[in-house]
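Colleague: I am new to this structure and would be grateful for a close look at a single part of it. Please describe the aromatic rings and the helices that surround them.

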Amino acid sequence: MPLWFAFLALFITFTLFYFLIHFVDLFHFWWFKFKNWLRFRREHKSYSKTQHGLSLLKEGRCKIADRFLLAGVNQTMEPLMNYLGAAKAAQEQTAFARRDSYIQKAYEVAPHDDLAIGLTQAELQLEQDQLEQAAATLNRLRQSSPRHPRVLKLLEKVYVRLADWDSLQALLPSLRKAKLLTAEQLEQFEKNLYCEKLRINHTKSLDELHKEWNDLPRYMRKNPDVVCEYVKQLSRFSGTKEVEELIRKTLKNHWQPELVRIYGTLPFANLNRQLVIVGAWLKLYGPQPELLLLLGKLCIQVQLWGKAKDYFEKCLALGPNAEASLEYGKLLEHLGEPDQAMQKYKEGLVGLAAENI
């Protein structure tokens, strides 16, 4: 073979090999671009369907939203939001079995997003008044995220609606540690909690009521509203001394109008002593209608007619008061002033009618 032919053949071989390699690379390049374009197109379609489905869900068009959200499932790499949105749409259509199946699929496609899925499931259960199921879901989440604020807030709502005051009391330390409530909100929360716990004791014995009271934190046993609820429960039993002492001790430091009303219903042997006690409260808290009314009623019982009239008039000067009007009417009728008594009776009846509306 001539040398020049050998070089020419070698040159042609290398040239063909170069173009072949270049063609293969070019094919791979365009194939890669084509696959990316397909993936982008598929994801864009999925994104559009998901977004459109979520928008329809917000508009309340749940049936169409359900269809669009499910249409985007197979075209996206992360179908979690599609299933959660579809679960919401199914609930709005009262299709609870389908809702639960979507939630289950969400767990299957995104097992690492257990918290987000569980919170959505609990919120849907809470909306549907499936309170026991919501509590079970949230308590499961709480095992892995004991201080998660959303879990704790939802649990609080569930326990309040279940009137499960013992569970709510057990949740209280976690709410305090998570700092979900301000000091003022926490105080109000505790007060309402312990008032409700005392309120449900209306069928318990005196010993059980005493135990419930003694189990309360010391600072809560000084709260006037909590004391008031305890006093109401104590009033079911025959003893007056404990009730009277609690009321006096509480009103010495805190104003609570309901306690004054209860105090006025207690049977007392020494009315003059009660006049002195209630008069001291009047000096301490000023002209409160509850105090003026009680002083008027006590004055009637000891036949201090002039003082009774004065207290009733001062009470009514603060604003309409049905009970004060009726008591004043009785006094005026007793004193031989029927026209004025009739006027007070009318005012009292009008006030009672307004209160019952």
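**Aromatic rings and their helical surroundings**

Modeller: Across the whole structure, a search finds five aromatic pairs (rings of Phe, Tyr and Trp, the last by its six-membered ring, with centres within 6.5 Å; planes under 30 degrees apart count as stacked, over 60 as edge-to-face and the rest as tilted). One of them joins Trp-255 and Tyr-285, a tilted pair with 5.2 Å from centre to centre and 45° between the planes. Trp-255 lies in the loop between helix H12 (241-251) and helix H13 (257-265), and Tyr-285 lies in helix H14 (residues 271-285), so the pair ties together parts that are 30 residues apart in sequence.

The model is a predicted one, in which local features need pLDDT of at least 70 and side-chain atom pairs count only at pLDDT 80 or more, while totals for chains, interfaces and linings use all residues. Residues are numbered from 1 along each chain as its sequence is written, and side-chain values use heavy atoms, with hydrogens and water left out.

Trp-255 has 26% relative accessibility and counts as partly exposed (buried means under 20% relative accessible area, exposed over 50% and partly exposed in between, with a 1.4 Å probe and protein chains only). Another pair is formed by Tyr-263 and Phe-268, whose ring centres are 5.0 Å apart with planes at 40°, so this pair is tilted. Tyr-263 is buried, at a relative accessible area of 1%. Together with Phe-268 and Trp-281, Tyr-263 forms one aromatic cluster.

H13 and helix H15 (residues 289-301) pack at an angle of about 10°, and their axes are 9 Å apart (axes are lines fitted to C-alpha atoms, for helices over the stretch in contact, and angles run from 0 to 180 degrees between N-to-C directions). This angle makes H13 roughly parallel to H15 (angles under 35 degrees count as roughly parallel, over 145 as roughly antiparallel, 65 to 115 as roughly perpendicular and the rest as oblique). On the H13 side, Pro-257, Val-260, Tyr-263 and Gly-264 meet Glu-290, Leu-291 and Leu-294 of H15 (contact means heavy atoms within 4.5 Å). The residues of this contact divide into five nonpolar, one polar and one charged (Ala, Val, Leu, Ile, Met, Phe, Trp, Tyr, Cys and Pro count as nonpolar, Asp, Glu, Lys and Arg as charged, and the others, Gly among them, as polar).

As for cysteines, the search of the whole structure finds zero disulfides (pairs of cysteine sulfur atoms within 2.5 Å). Cys-299 counts as buried at 1% relative accessibility, and Cys-315 is likewise buried, at 1%.

To set this part in its context, the chain has 18 helices and zero strands (helices, H or I of at least four residues, and strands, E of at least two, are DSSP runs numbered from the N terminus). Of the 357 residues of the chain, 37% count as buried. Among contacts between residues at least 6 apart in sequence, 49% join residues at least 24 apart.
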